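Subject: Structure handover

Hello,

The sequence and structure are placed just below. My notes follow after that.

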Amino acid sequence: MLLASAAMSLVPVVALVAGLAVLASFKLVRPRSLALALAAGGAAALVCWPVAAGLTGGGVVPSELHSRLVAPVIEEAIKGAYLAILLRRKRIGFMVDAAILGAAVGAGFACLENVYYLAMTQATSPLVWFVRGFGTAI
C-alpha cells in the first residue's frame, strides 16, 4: 500500500516533465539536464526544510503565517536560483527550454515533498496521494 501511494504521488509529476521534454520541438534539453534539474529541485527541498524548521520551531514565525506567506517566497526563490544560474552561464537557449527545466526543478521539489508527507502521514488514503501527484503535475 505504501509503495502504491508513493507511486501515485511521484509518477505523474515525473511523467509531466518527461512529456514536456518529448513535446519540445527542437529537443535541446538533454536527459542529463533534466536529471540535474530534478536533483536541483530535490536539493532545494532539502535546503528549505531546515530553514522552515528554524523559523517555525524557533518561534520566529508562527506556523500558519509561515505556510501561507513565508514558505512560498523562500521555496520559489531557492528553486529559481538554479534557473538563474543556468541563465547566467548561458545554458538555456530558448524560453521553452527554461520552462521545461523550471518544471523539472519544481517536480524534483514536489517529489521530495511528497515522499516526506507520505512518511509523516502513512495512514492516509491512497486517493490523497493520487490527488497530490496529479495535482502537482497539473
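Is arginine 91 buried or exposed? Arginine 91 is exposed, because its relative accessible area is 63%; buried means under 20% relative accessible area, exposed over 50%, and partly exposed in between, with a 1.4 Å probe and protein chains only.

Please keep in mind that this is a predicted model, in which local features need pLDDT of at least 70 and side-chain atom pairs count only at pLDDT 80 or more, while totals for chains, interfaces and linings use all residues. Residues are numbered from 1 along each chain as its sequence is written, and side-chain values use heavy atoms, with hydrogens and water left out.

The H3-H4 loop

Arginine 91 sits in the loop between H3 and H4.

Helix packing

Two packed helices are described by the angle between their axes and the distance between the axes. Here axes are lines fitted to C-alpha atoms, for helices over the stretch in contact, and angles run from 0 to 180 degrees between N-to-C directions. Angles under 35 degrees count as roughly parallel, over 145 as roughly antiparallel, 65 to 115 as roughly perpendicular and the rest as oblique.

H2 (residues 31-57) packs on H4 (residues 95-120) at about 50°, and their axes are 7 Å apart. The two helices are therefore oblique to each other. The residues of this contact comprise 16 nonpolar, four polar and no charged; Ala, Val, Leu, Ile, Met, Phe, Trp, Tyr, Cys and Pro count as nonpolar, Asp, Glu, Lys and Arg as charged, and the others, Gly among them, as polar.

H1 and H4 cross at roughly 175°, with axes that come within 9 Å. H1 is therefore roughly antiparallel to H4. Contact means heavy atoms within 4.5 Å, and the residues in this one include Ser5, Ser9 and Val17 of H1 and Ile100, Ala104 and Asn114 of H4. The division is 16 nonpolar, three polar and no charged.

The core

The largest nonpolar core has 17 residues, and Leu34 and Leu101 have the most contacts inside it. Such a core is a set of buried Ala, Val, Leu, Ile, Met, Phe, Trp, Tyr and Cys residues joined through side-chain atoms within 4.5 Å. H1 (2-23), H2, H3 (63-88) and H4 each give two or more residues to this core, and H4 supplies the largest share, seven residues. Neighbours within four places in sequence aside, leucine 34 touches Val17, Ala21, Val29, Ile100, Leu101 and Ala104.

Histidine 66 lies in H3 and is buried, with a relative accessible area of 8%. Beyond four places in sequence, the contacts of histidine 66 are Ala52, Leu55, Thr56, Val61, Ala71 and Pro72.

Tryptophan 129 is in H5 (residues 126-137) and counts as buried at 1% relative accessibility. Among the contacts of tryptophan 129 outside four places in sequence are Ser5, Ser9, Asn114 and Leu118.

Regards

How values were computed: Helix = DSSP H or I, 4+ residues; strand = E, 2+ residues; numbered from the N terminus.
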